[in-house]
Each structure stands twice: as C-alpha cells, then as structure tokens.
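Subject: A structure for you to look through

Hi there,

Here is the structure I promised to pass on. Please open it first, and then read my notes below alongside it.

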Amino acid sequence: MKKIWWKEAVGYQIYPRSFQDSNGDGIGDLQGIVQRLDYVKELGIDVIWICPMYQSPNDDNGYDISDYQAIMDDFGTMEDFDTLLSEVHKRDMKLIIDFVPNHTSDEHQWFVESRESKDSPKRDWYIWRDGKKDKSGKTIAEPNNWESIFGGSAWEYDEKTDQYYLHVFSTKQPDVNWENSDARQAIYDQVNYWLDKGIDGFRIDAVSHIKKRKKFPDMPNPKKKKYVSSFDMHMNQKGIQPLLKEFKEKTYGQYDVMTVGEANGVSIDEADLWVGEKKGKMDMIFQFEHLGLWDAETNLQLDIVELKKVLTRWQKGLENNGWNALFIENHDKPRVVSTWGNDDEFWYESATSMAAMYFLMQGTPFIYQGQEIGMTNVQFDSIDDYDDVSAKNLYRIRREDGVPHDDIMRILWASSRDNSRTPMQWSSDEQAGFTTGLPWMKVNPNYKEINVEDQLKDEDSVLSFYKRMIEMKKNNEVFTYGTYDLILDEHHQIYAYTRTLEDEQVVIFTNLSTKDAICDDLDFTLSFDNLMLNNLPVTTHDDTSTIVLKPYEARVYKLS
Ligand code: GLC
Ligand code: CA
C-alpha cells in the first residue's frame, strides 16, 4: 500500500463560530483559533479542517458564500487568515478549508447578475425554470414538487423575471448550474486562488449534489404531499463523474494537497470512482451510511450488528484501493455521546468506547471540536435559542401543521444541528471561557462539569483518553496501514476487530452497550502484559481467550 502523509494524519474539525472568540463580540474568529493552536497540537493533531470562513450573510453559517476571496467580517480579515495559515504551518500541522462548489449565496455578485434578467450573461450560471402555469399563462406553482433538504420547496419564485431558481439547501443558497462551462471555470478560479495561497487541501462540501437529474421531473408522490424529499433527483446522479474529473484536473489535481469530499449518497459499489487509487477524483470521502442508522424520529436505538456491517463493508471495500475518512461527529449531527452513547450514567465510558471503536479502523480519523471532551446535546426551551436554518424551518413548518411546541422541541433536542454548534467548553469560567462577551449561541449549561481545563488535569478524563489513543496510533504503524478484520460479527453488544500488518497484530474490543458483555471462544490468547489501551481499570489476568467487558469498556491488546 502506498504510504502518504494524509493517511498517517489525525484530523480535527473546527467550527470557527463556536471555537474561540478573541475580541469579546461573542463570535468565534480566526484569531481565536490561533490562540488555541497549541491545545490542538498537544492533542496530537496533524490536519485542521475549518468550516467556511468566507464572506457570507450567514443564512447557513458560512455555507452561503457571497465572496470566495474575502473573509467573513465576523471572523476577521485576510491578514488574520494568513496568520492562521502560517501559525498552523509553524507548528508542523496542515490546514484544509471547506470549499462549497454546489451553491453560492443569493448575495454573491454572480447571482445578483443572474437574477437581473433572462438575458443576463450569467443567467445560465444558476438553474432557472418556468413555473407551472394555468391556461391564461399565469404562473401558479413551482416547476416541480422537489423538497429542499432544509424543508419547503426547492424552488424560489423571483418576481422580476417570473421564473424560479433551484436551491437544494436554503432559499439563500441558489445551486450553481454545473452544466455551464463558464460557471464551472469561475468556480475553479476560486479554488485555485486558495491553492495558490498555500493551503493544504479541501473538504469539499455537498459535492455529490452538483449534478441534477435531466429535465427535472416530479418526484413520485403516492402520499400526495405538497413537496417530496428529492435526493433521488440531485444526489450522486448519473453523469457526475465527468464533472468531478474536470474539477480535479483543473484545480487540486495539480497540487500536492489532500481532499475529502462530503459524499452523501455514495455507496461502496461506486467508491472506486470516487476514491480509488487510479480512478478516484479525491483522496477520501465522508460517507454517511453509518450515521444514517440513527434517526431522531424513527430509529433511536443503535443496532450494533448493523453498524458493524456498514463500517466493515467500507473497510473491506476500500482495502488496498482507496482510503476511508473516519468520523462519528460533525457540525451537522447531534453529539454522538448523546445519540449512540449514554450521556448520563455512562457518559465517560461511552464517549471513550465510541472513540476507540471508530478511531482505530483503517483510514484518516477526524475529531469534531468538543468530541474529545465528550460534549453533549443541549436542550433549549425556546426556538429563539436555536440558530440553524433547518431547525427553524422544521419548527415553522410543523407548527403550521399543528404539531404542539413540546413535540417539536423534543425532536430538536435529539436531532438539531445546533446540538454540536454550542460554544466550545474551555473552562468552568463564565461562558465556558469561549468569550468575555455574550455568546452568539448559548453555552451548554453543563460546561462546569465538562470542559477542557478540568480534563487536562485529569488523567482519567475523556480528553486524556483521546490523547493516549492518538499517541498509541502514531507510535504503531499497524493502526495506520494494518488490514482490518471484524471478529465476533454477530455479537449484539461488542464491536471488535483486528488490525494486521505483516507480523504485527492488534485487537480492539469495545462494548457499546450498558450491560456487561462476554467475549469468549476467541481464536487467540490475550495477555495482560500486552494491554495497550483501556478506558477502565483492568486487573492483572492470566493469559485467556475469554474476557468480560463492563458497560462501554474498551480495550486494545497486542497479539504478536
Ligand atoms: C453540507 C454542510 C452543511 C451545509 C450544507 C449546505 O452538508 O456540512 O453544514 O448546511 O452542506 O452547504
Ligand atoms: Ca469575535
């Protein structure tokens, strides 16, 4: 297997708005990140991914970009960005930025020109269509019944030209028309601007959505809904590969950088075209099949056997041809300790057991800010305390449908993206040490119990466990390049696997349940002296092929 720096790296995702405020305005910023780089470095991080920091009216917190070559005022200036980049490099880390190719803000100059008139030279840079009309030719409905991912119609009416534009995400995020070569080139120019600046790569936002279904047909609608979830029409569509190929060739393909695409809807069968060593268009993708197993409204209980099937499919599927990006949290998902784990009685145990479960597989692991201290979901009583455009839309639409306030809040408590966007909990000081002012979003009230400062001092903290785990991975190549093999396939409580590299072998056991779990009939013996990592105290034991794991216990043994 080819050895490359990014295969050996540990990634850390920063949501700038909520990481560290440096000037007391309550909003995290680039200088704030600079202040915390030593912390990130000491954790053992090699690559930092920052969510969008470009100029933006913040309808979707920076994912609606109005100028790709300017920095959001809230976050600082281009000079601050240059400082951040050089401070990251000074510490021998890399910086990747979040590039958004699928859409811009409606306030981007390109869109402003596009909406001006039907003959605007940029009209075709976005996706404009006539609505459905009545006999007299009057527009009466959207061009089709597609629902936006953030709720409501995926089309927005524009009075001036009596047409609709497509927005797969919010109304302020019009989709760029990737069929138009001028628009594509304009996007490539933005990407190259950042590459020339010397950044180390990209996380590529929503990249599986750039191609839309030809002719924009209605979704089948047996339940006669007003709008129908429309992923089948704009996610991983036929014909996307040539677009991705050109994207790569005209931009990052020319540079020694790393790329990780956000690739919702891509299955292992097509992974070769996305990340295969020869045919791939990017180095890694974030796939979502495993996170899809959990759902706030229908599927609260994690099915461990299913989880093993999904992740093993990806591990074995990319073996010797491609590379996984490993993650269990990001800024779009609730906190994993509150969903898959148990943020109550087994908070520490489940945070660390989940960690060992995903982190030691083959791939480049990413940690989302706060995950390393076991930050949890939050429960605000009022919708006013929520910020996320999709949470607000969900609340508004369900209220219109007559759903009681309390029922909607219960859904948001479990699933809102804001669960992972509350300010980083640095200390037990006021506002968790995030800001000296009033934070843009309320701090999770549990910051006195869960914060970095306390956990740095405590050898038995979630943070200390992460540090030990990262160090162990770095000191033993088997955790990077070793082959993954699932064991105890049908066990309903335990996720366990081996990693093998030539004559070296290790085994990772994680109990993901709230009950004791027995592993017996193992094909090998475990010796106490070979215990490499554990989240709970382990008493000396004889060589054995049977162990009992306490609730959410995790252990790693060397086998040879
Ligand atoms: C991605 C981002 C998410 C954003 C969306 C639209 O899914 O991770 O935060 O809202 O794309 O850009
Ligand atoms: Ca600030």
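A word on naming before anything else: helices (H or I, at least four residues) and strands (E, at least two) are DSSP runs, numbered from the N terminus. This is a predicted model, in which local features need pLDDT of at least 70, side-chain atom pairs count only at pLDDT 80 or more, and totals for chains, interfaces and linings use all residues. Residues are numbered from 1 along each chain as its sequence is written, chains are lettered from A and ligands numbered from 1 in the order in which they are written, and side-chain values use heavy atoms, with hydrogens and water left out.

Let me start with a serine in a loop. Ser-427 sits between helix H13 (405–415) and helix H14 (452–457). With a relative accessibility of 4%, Ser-427 counts as buried (buried means under 20% relative accessible area, exposed over 50%, partly exposed in between, with a 1.4 Å probe and protein chains only). Its side chain reaches the backbone nitrogen of Asp-429 at 3.2 Å. That is a polar contact, meaning a pair of N or O atoms within 3.5 Å; within protein, one must be able to donate a hydrogen and the other to accept it, and residues adjacent in sequence count only if both atoms are side-chain atoms.

Glu-502 is not a glycine, yet its phi is positive, at about 50 degrees. You will find Glu-502 in the loop between strand S19 (494–501) and strand S20 (504–511), and it is exposed because its relative accessibility is 76%. Asp-521 also has a positive phi, near 55 degrees, and lies in the loop between strand S21 (517–519) and strand S22 (531–534). Asp-521 is exposed too, at 69% relative accessible area.

Now to the ligand. Around ligand 1 there are 13 residues, and Asp-60, His-103, Asp-205, Glu-262 and Asp-332 come nearest (a residue is near a molecule or strand if one of its heavy atoms lies within 4 Å of it). By class, this shell has three nonpolar, three polar and seven charged residues. Here Ala, Val, Leu, Ile, Met, Phe, Trp, Tyr, Cys and Pro count as nonpolar, Asp, Glu, Lys and Arg as charged, and the others, Gly among them, as polar. A polar side-chain atom of Asp-205 is 2.8 Å from an oxygen atom of ligand 1. For an N or O atom in the side chain of His-331, the distance to a ligand 1 oxygen atom is 2.9 Å, and for Asp-332 it is 2.5 Å. On its own, ligand 1 has 300 Å² of accessible area, and the protein covers 96% of that (Shrake-Rupley method, 1.4 Å probe; for residues, only the protein chains shown count as cover).

On a 1 Å grid over the protein atoms alone, a cavity is a set of points where a 1.4 Å probe fits but cannot get out, and a pocket is an open set with protein on both sides within 12 Å along at least five of seven lines; lining residues have an atom within 4 Å of a point. The largest cavity holds about 110 Å³ of space, a volume being the space filled by probe spheres set on the grid points, which are joined across faces, edges and corners. Its 13 lining residues include Leu-311 and Ala-325, and they divide into nine nonpolar, four polar and no charged.

Happy browsing!
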